[in-house]
Amino acid sequence: MAARNRVKDLQEAVNCSICLDYFNDPVILKCGHNFCRACIIQYCKESKTSPSYSCPQCREVFGEGEFQPNWQLRNIVDIAKNIPEPRGKKACEEHEEILKLFCEVDQTPICVVCRESRSHKEHSVVPIEEAATDYKDQIQSRLESLKKEREEILSFKSSGEHKSQELLKQLKRERQKIVSDFQQLHQFLKRQERLLLAQLEELNKEIEKRRDEYVAKLSEELSSFSSLITEMEQKCQLPASEFLQDIKGTLSRCEREKFQNPVAFSSELKWRIWESSQRNASVETIMKKIKDSLSLRLRVEKAHVTLDPDTAHPQLIVSADRKSLRWGDTRQNLPNNPERFDTELCVLGCEGFTSGRHYWEVEVEDGGLWSVGVARESVSRKGGISVNPERGIWAVQCWEDQYWALTSSQQLIPFSPSQAPRRIWVYLDYEGGQVTFFDAGHGDPIFTFPTASFARERIRPFFWVGLEGSSSVLCSKHYFALLDQCSHLTLGP
């Protein structure tokens, strides 16, 4: 520490008081003060007291040209310039010895005197450069992870901003449709127009609010990560003794929880926008919905679905809690009751619907042959089954990586393999006679069956596994999901 101070004092002593840098071609005045030759000449040129001048330091008068080269000072300047800065050689504050060791127990640099003290005598120590190398490797590893996570957050931010713009554009188009259609209606419809526009405005504010919160959250995280990364990068550039100061704190700051991307725009928003568009499908439909339904609070219920073992094919084994279904090796000896499917590998949900609007979610995997949808209570359970609305079944099917709407004409639903939905919403509007399927991952409609009349008959969830090796699973929150290539159907809690 003392050596560092002495070097600093020497270097300051050979600085010119005019340019505040090392003397360059130093000259000495008769008063004994030294300056750079160029500095004192410029000083004289700028002075208005020619031909005599005052020393810049002591104000003693000297005449023009009354200064001589100071060769001894020039030599001292050259020596001072070449004295190496004692970087990386921090001294122990207690013993004023160079910190050459690192205590692995206390995780702090120490000197040789500290090593022999009671505080560290029994501790494991290593040379300070060796410890710095080890910890620098740890910091570099964490630094790469932090940088990678920062890139992920940037991606999340970009995706969230893009999604908000798409939602707002969709919302704007929907507003225009609603205004255009409601202009044709009478006073009653005008009141409903204002109501729907208010709902859309609320959605607009909610989307903008969620966007701002989402972007603010990501910006905050980005700032935090950037600051931490900058700090770690600067830390790694320090000499070993400075680098290892408070190394525990440094490591602790690196060990932060992995950033969890917050949900910016839930599929519920698209669902609500789509609901508004359905109410505006045509003036006649809107009038009917307004008279029959919009005076009440509209709700879409998440259906709590469990499997009905009395309907399951005998080769399908239903668990005691009615939430799992697996393929049995042999056909079970079960009563051939009227409710049971005896030929096709089908099962119905226990719950049925005679009113209201409901949906549940199906998660699917590629391959195999399966169908999912709804069926009338009266659907045929015996022998072969025709899966189409004429036979009381509204379903979509996956077959050899292609998706089909099971109508009487078997309509192909155009999906490329990369776009094929992995989660499907099955939506039932009983009073509206509507069965619609959505890509739950994006909230986009997949297929809507023509309006049907359920004639007050009970409608139940329908599942069909067409090939051994296909499977279905009901996940948490009362959702169904088709997963893997196992031969079983499982319902989660």
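Start with strand β14, residues 369–376, and strand β21, residues 459–465: they pair in the antiparallel sense over seven bridges. Strands here are DSSP E runs of at least two residues, helices are H or I runs of at least four, and both are numbered from the N terminus; two strands pair if DSSP finds at least two bridges between them. Zoom in on Ser371, which stands opposite Trp464 in β21.

A quick note on what you're looking at: this is a predicted model, where local features need pLDDT of at least 70 and side-chain atom pairs count only at pLDDT 80 or more, while totals for chains, interfaces and linings use all residues. Residues are numbered from 1 along each chain as its sequence is written, and side-chain values use heavy atoms, with hydrogens and water left out.

Pick Ala375 and look across to its bridge partner in β15, Ile393.

Now jump to the open antiparallel sheet of three strands, ordered β2-β1-β5. β2 (34–36) and β5 (67–69) are the edges, each with a single partner strand, so one side of each has no neighbour in the sheet. Select β1, residues 26–29: it pairs with β5 over three antiparallel bridges, and Leu29 has Phe67 as its bridge partner there.
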